[in-house]
Amino acid sequence: MGKREEVRRRTFAEILETAGRMAETEGWRAVTIRRIATEIGYSAPVIYQHFPSKEALLHTLLERVNAELAERLRAAVDGQPAARGPHLAAVAYLEFARTRPVLYQLMSGAPGTDVDAATRRAAAGDVIAFTRRLIGAWAAETAADLPGPGVEDASDLLWGTLHGLAGIGAIEDVGFDRALRLADQAVTALLGYWSGPPTNPEHRPRTVKGEK
């Protein structure tokens, strides 16, 4: 690696680190290209050479934090029975939200993050794909009946449940210890529902035309 490329990579990493640190101390609204430039002693044009906008910077952070979450989820279930996968992944997800609260806010679209929902979901592609494989493996091992779009629906429901629990876990008088206990109950309930006998088709909720 040449000296110029080494400097470029070091500056790139410093910009991202500074943005994250500013968000931790002042919130995401305080993160601007000019503020970052001032913090690290560069001119704004130097920052713009790496990131043309705040949105581009946040998008890079978003991709990185989702990659970190996906790695934690994989590590949590690696070598474990597929039947335990959803429970283990739930713990890993909430521990991630507990230990990386500011970056989790970015994933969740907190005020000042300036990243739309479609972009956030696209950046979470690996996490979503992992969750679907996790549910599929659980269903195969437990012989659960998840026909048609069942795996996709179950994955989104699990993901949405954990996201909600991460939100209340961040509330001071609730906390993540309680959120983890609730997650164990919620995952147990969801798996029990999916493991049960098929619902009478006459009693299934009707899908509105155009809904997925």
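Predicted model: local features only at pLDDT ≥ 70, side-chain atom pairs only at ≥ 80, totals over all residues.

Analyst: Residues are numbered from 1 along each chain as its sequence is written, and side-chain values use heavy atoms, with hydrogens and water left out.

User: How many helices and strands does the protein have?

Analyst: Helices (H or I, at least four residues) and strands (E, at least two) are DSSP runs, numbered from the N terminus. Counted in this way, the protein has 0 strands and 10 helices.

User: At what angle do the axes of α8 and α9 cross?

Analyst: Axes are lines fitted to C-alpha atoms, for helices over the stretch in contact, and angles run from 0 to 180 degrees between N-to-C directions. The axes of α8 (residues 125–142) and α9 (residues 150–169) come within 9 Å, and they cross at roughly 115°.

User: Which element gives the most residues to the lining of the largest cavity?

Analyst: A cavity is a set of points, on a 1 Å grid over the protein atoms alone, where a 1.4 Å probe fits but cannot get out, and its lining residues have an atom within 4 Å of a point. The lining of the largest cavity includes V127, F130, T131 and L134, together with L158, W159 and L162. The elements that give two or more residues to this lining are α5 (85–99), α8 and α9. With 4 residues, the element that gives the most is α8.

User: Is the aromatic pair of F12 and F51 stacked or edge-to-face?

Analyst: Rings of Phe, Tyr and Trp (its six-membered ring) pair if their centres lie within 6.5 Å, and planes under 30 degrees apart count as stacked, over 60 as edge-to-face and the rest as tilted. F12 lies in helix α1 (residues 3–26) and F51 in the loop between α3 (44–50) and α4 (54–77), 39 residues apart. With 4.9 Å from centre to centre and 25° between the planes, the pair of F12 and F51 is stacked.

Definitions and conventions
1 Å grid on protein atoms, 1.4 Å probe; cavity = no way out; pocket = protein on both sides within 12 Å on 5 of 7 lines; lining within 4 Å.
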